[in-house]
Amino acid sequence: MKKTNINKGDFLISDLPRNRYALFFDILKNQWRSLLLMAVIILLLFLPIILLRFFNLVMINSVVNNGEGTNLKAEVFNTFVGYSIINFIVVVVVGILFGGVARIYKKLAFNEGFFLGADFIRGIKENFKDYFWLFLIYGLLNMLLEILCMNYMLDNNYLYYFFKVLNYATLLPILGVSMSVCALYSDPFIVKVKSSIRIYIKNLFKILLAVIIVLLPLVLLLINSSIFQLLVPIIYSFIYFPLGYLILVLILNSIFDKDINEKNFPDLVGKGMYKPY
């Protein structure tokens, strides 16, 4: 019997990544063009939020520099409240459009083929209802927490730090988990949110670590510079976030495998990776 010669260019099932660490670098190697296009889309989606935030900082600086001492605190607070209301509307719109991004990243994480434009539009459509309610709830809670933070910051009250931590260590991670749950599963919305909260509590350390990885470069916003306040979010959105979000999705998929898929959806366990059976 003759030995079959395998062309080195042929793809074998055994060539699939063995874990999600390898899968991440496999995606970087084979899908870098798609990631680059996604980076452009993400930047365009985030640009209204970035510019609105920068405009708010300019307005507050103007109030501080030109306002009178007796009314200064009230003027700054009112300016921030006005910005927060507009930002809430923008966040909901951007969140709905992010449903398209979520579908593309789901395809990337599962090592599936896709047509970027068509799948992006399809993702918006299929995630529209869930993402509308998800970002409506998040936008409202985020707005209230940020207004409370501003109020306590103006009063030099330590409750400012409590509400900041509540927002970025609880509300934002639950949003990230919920986005992936909504993009993957077809349960009723309230069931998805409850599952997301349960998964967040059960895997608190791992999820917080993933969120820190995603948000880490934003610590540069602590530098009090107008150039930094504008350029850091733009560079972050275009260069870092597309990769950071991919890491988050892969980490969440590994959590979902243990908490959901092994029992309910075994075909999703390790999807996109090599399975020795």
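Trainee: Are Phe 241 and Tyr 245 buried or exposed?

Mentor: Phe 241 is buried, and Tyr 245 is buried as well. Buried means under 20% relative accessible area, exposed means over 50%, and partly exposed is in between, with a 1.4 Å probe and protein chains only. Before going on, note that this is a predicted model, where local features need pLDDT of at least 70, side-chain atom pairs count only at pLDDT 80 or more, and totals for chains, interfaces and linings use all residues. Residues are numbered from 1 along each chain as its sequence is written, and side-chain values use heavy atoms, with hydrogens and water left out.

Both residues of the pair belong to helix α8 (residues 226-264), where they sit four residues apart, about one turn of the helix. Helices (H or I, at least four residues) and strands (E, at least two) are DSSP runs, numbered from the N terminus. The ring centres of Phe 241 and Tyr 245 are 5.6 Å apart and the planes are at 15 degrees, so the pair is stacked. Rings of Phe, Tyr and Trp (its six-membered ring) pair if their centres lie within 6.5 Å; planes under 30 degrees apart count as stacked, over 60 as edge-to-face and the rest as tilted. The structure holds 20 aromatic pairs. Phe 241 and Tyr 245 also belong to one aromatic cluster, together with Phe 46, Phe 98, Tyr 105, Tyr 236 and Tyr 240.

From α2, the residues Ser 34, Leu 37, Met 38, Ile 41 and Ile 60 meet Leu 116, Phe 120 and Met 150 of α4. The residues of this contact divide into seven nonpolar, one polar and no charged. Ala, Val, Leu, Ile, Met, Phe, Trp, Tyr, Cys and Pro count as nonpolar, Asp, Glu, Lys and Arg as charged, and the others, Gly among them, as polar.

Elsewhere, helix α6 (residues 189-202) contains Lys 192, a buried residue with a relative accessible area of 4%. Neighbours within four places in sequence aside, Lys 192 is in contact (heavy atoms within 4.5 Å) with Asp 130, Val 181, Cys 182, Tyr 185, Ser 186 and Asp 187. By contrast, Asn 78 in helix α3 (residues 72-109) counts as exposed, at 53% relative accessibility.

As for the whole, the protein has eight helices and zero strands. Its C-alpha trace spans about 95 × 35 × 30 Å along the principal axes. Of the 277 residues, 44% count as buried, and Phe 241 and Tyr 245 are buried too.
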